[in-house]
There are 2 protein chains.
Amino acid sequence: MCQLLAMNCNVPTDIVFSFTGFAMRGGHTDTHHDGWGIAFFEGAGVRHFVDHQAAIASPIAELIKRYPIKSTNVIAHIRKATQGQVALENCHPFVRELWGQYWVFAHNGDLKEFHPLLNGAFRPVGTTDSERAFCYILQQLRARFGEQRPPLAELRSVLSGLAHEIATHGTFNMLLSSGGELFAHCSTHLFYLVRQHPFDTAKLSDEDVSVDFSQVTTPDDRVAIIVTQPLTTNERWTAFQPGELKLFIDGCLR
Amino acid sequence: MCQLLAMNCNVPTDIVFSFTGFAMRGGHTDTHHDGWGIAFFEGAGVRHFVDHQAAIASPIAELIKRYPIKSTNVIAHIRKATQGQVALENCHPFVRELWGQYWVFAHNGDLKEFHPLLNGAFRPVGTTDSERAFCYILQQLRARFGEQRPPLAELRSVLSGLAHEIATHGTFNMLLSSGGELFAHCSTHLFYLVRQHPFDTAKLSDEDVSVDFSQVTTPDDRVAIIVTQPLTTNERWTAFQPGELKLFIDGCLR
């Protein structure tokens, strides 16, 4: 199993605080040491960092913790290999282009006997069940909607059906974004919280670090954090229901 | 115009020396300050770093100069915007998947009235002529060869024809790799050299730095460097002929 982290906000925000606690799980407070990755949307572009080293030993993870890259949509992943060897091409998140937009995907879980028919439009480069699922989702979206991105409600409905179908093969907690929105599907465990005015101090559970968000925000800021296990000890995290696909836009649950 | 740099070798090699000189052109010894990027193949995977900040001011470029990422195929680019605004999605190199492999592409030049018919299989995310050319090349390769990657000789021949066709619209110096080989097309200026035994000391032209490669190599190492303008003052660089598409494998010109 792996760990997932996502952030969706209404103004570009850095993820330094949350990533600092999350990265500790990559070989320190937890055993997820088979690589890690993070993708930040910035306009239509994506900054994509992957490393097959443990997050606690990675110079690139160190950079992310120090360099406050601001984004409204971030997806991060720490890997504990279940399928596919430890290699760069098997590190999440994965990135592909569909409808002239980059799509970013990360998965927690293990899919058994999941070998969908892939027509070649999107093919896995690595050997994980996760990348197979991502390619299958994009292929089905293009097959269903052609070359035109559909309205969000239709997209959500089709994605929900696809997630449900894939989850019949095993655990399918996943995060998916094309930059303007964040989809999160829970099959076993996923939690979220929305930080907004009045902001308070949050304390990481994985490291002795606190941040008083009232000092680094404006009253209009809104930040949703989605994660496989709560990151802080003094905030109220809401558990997803198994089978739920939630949609976040501008830091709001829709 | 922009600057290109590629490395193709027979054993994983770091690009710290060449990138140090190259990055100086991103705002210091030259005026290419509208972003930069670099992609390293590692097995089937790719580490892809892009930044719309000038290379000399970028914390990520600083990391690349300090952290010796080893790779047999690297493509780097420093941008001076001619078409498309300064934005992350317009930074080269671009990455797409075809035939279950990542393809990395960077371009120097300016294409006039280049608006090929794109069928949607590969669509630009940004607004550059370069990403349009990349999407067109991949679309034409899939149209020509279907879902099976062809033998290298056939691929080379078709790529040569495509590069020639695109170059009728303007300057098309370009680098393209799927990890195992490096294609380089010259329409105006591109230079290469192969470093091999006996290795000597090389001195950067853009910064007061020298490296004695005999101290950091084995006699079997072979490294080809391809660049828009020679990087060192005391090595013999060979100019490409206009219209040439060269292929490098394992540090050898084929």
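**View 1. Superposing chain B on chain A in the predicted model.** A rotation of 180° with 0.0 Å of shift along its axis brings chain B onto chain A, with an RMSD of 0.0 Å. This is the relation of a two-fold axis. Both copies use the same surface, since 100% of the contact residues of chain B recur in chain A.

**View 2. The interface of chain B and chain A.** In this view, 35 residues of chain B are in contact with 35 residues of chain A. Together the two chains bury about 2,900 Å². Of this area, 51% lies on carbon and sulfur atoms.

**View 3. A salt bridge between B:Arg47 and A:Asp51.** The side chains of B:Arg47 and A:Asp51 meet at 3.1 Å, N to O. Six salt bridges are counted between chain B and chain A. Across the interface there are also 22 residue pairs in polar contact, with both residues at pLDDT 80 or more.

**View 4. The side of chain B that touches chain A.** Five elements of chain B each supply at least two residues to this side: strand S3 (45-51), helix H2 (59-66), strand S5 (94-98), strand S6 (101-108) and helix H3 (129-145). S3(B) gives the largest share, seven residues. By residue class, the side of chain B that touches chain A has 16 nonpolar, eight polar and 11 charged residues.

Conventions
Residues are numbered from 1 along each chain as its sequence is written. Chains are lettered from A and ligands numbered from 1 in the order in which they are written. This is a predicted model: local features need pLDDT of at least 70, side-chain atom pairs count only at pLDDT 80 or more; totals for chains, interfaces and linings use all residues. Side-chain values use heavy atoms; hydrogens and water are left out. Contact means heavy atoms within 4.5 Å. Buried area is the accessible area (1.4 Å probe) that two parts lose on being put together, summed over both. A salt bridge is a side-chain nitrogen of Lys or Arg within 4 Å of a carboxyl oxygen of Asp or Glu. A polar contact is a pair of N or O atoms within 3.5 Å; within protein, one must be able to donate a hydrogen and the other to accept it, and residues adjacent in sequence count only if both atoms are side-chain atoms. Helices (H or I, at least four residues) and strands (E, at least two) are DSSP runs, numbered from the N terminus. Ala, Val, Leu, Ile, Met, Phe, Trp, Tyr, Cys and Pro count as nonpolar, Asp, Glu, Lys and Arg as charged, and the others, Gly among them, as polar. Copies are superposed by least squares on the C-alpha atoms of residues with pLDDT of at least 70 in both.
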